[in-house]
Amino acid sequence: MKHTAISLVIASALLAATPALAQKAAPQQAAQARQAGSPSKLVLDNSTRVLATLESRRAEFTRDRRALSTFVSGEFDQMFDRDYAGRLVLGVHGRGASDTDVKLFSDALADNLMQRYGSSLLDFNTRLQVRVKSETPLRGGAIVRVSTEMLRQGGEPIPVDYLMRKTGGKWQVFDVMVEGVSFVQTFRSQFDGPLRQKSISQVAAELKAGKLNASAN
């Protein structure tokens, strides 16, 4: 996949199934999506809302990147379980870590990714579509995988899967797999070296300062 396509997929994935694309569901999944509060419904509803917002505010967002950042952060915070994802990325380095250190790392990682890829949302072409393929319960229903495809004109579909869990009474994303590659596993490998040499708070500070950058491509 070309760098631009990767950036677009990352931006959409980090908004937890809100890729600013026209939505399209397979017939059997459309019925699932109509179920109140289902993960698939969140995928489709958020796609519609973000698409409408980006189209109506595109000129503003192009001119005012702070407004875009505020919008992106709000969507991300609503749908992404950043603390749980951050603990998974920390892996063995997070064992015994305080909730404060995990939150420092999780927030720094999320903010770093949004700063790097958030502006890519403005490059989306509304002729693209996302198709919900299936919704699969895992671990007795505690986790759900929502499998989608990003449909591009003149290109092969890009498979994007979202792993979601219910927290605080609502479904949130904690991992995203693009073409079978898990963001959690990618970032866990990327930060293993720095975390072996420095504390969680030190790595978080370097992420926040831009001395370290999360990269999924």
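**View 1. Gly210 and helix H8 in the predicted model.** Gly210 follows H8 and has a positive phi, near 85°. Helix H8 itself covers residues 200-209. Its buried residues are Ile200, Val203, Ala204, Glu206 and Leu207. Viewed down the axis of H8, these buried residues lie within an arc of 160°, so they line one face of the helix. Lys208 and Ala209 are exposed on the other side of H8. An α-helix has 3.6 residues a turn, so residues three or four places apart point the same way.

**View 2. Contact of helix H5 with helix H7.** H5 spans residues 82-90 and H7 spans residues 183-197. Their axes come within 7 Å and cross at roughly 60°, which makes H5 oblique to H7. On the H5 side, the contact involves Ala85, Leu88, Val89 and Leu90. These meet Val184, Phe187, Arg188, Phe191 and Leu195 of H7. By class, the residues of this contact are eight nonpolar, no polar and one charged.

View 3. Ser106 counts as buried because its relative accessibility is 2%, where the cut-off for buried is under 20%.

Definitions and conventions. Residues numbered from 1 in each chain as written. Predicted model: local features only at pLDDT ≥ 70, side-chain atom pairs only at ≥ 80, totals over all residues. Heavy atoms only, no water. Buried < 20%, exposed > 50% of the residue type's maximum accessible area, 1.4 Å probe, protein only. Axes fitted to C-alpha atoms, helices over the stretch in contact; angles between N-to-C directions. Helix = DSSP H or I, 4+ residues; strand = E, 2+ residues; numbered from the N terminus. Parallel < 35°, antiparallel > 145°, perpendicular 65-115°, else oblique. Contact = heavy atoms within 4.5 Å. Nonpolar A, V, L, I, M, F, W, Y, C, P; charged D, E, K, R; others polar. Arc of directions from axis to C-beta.
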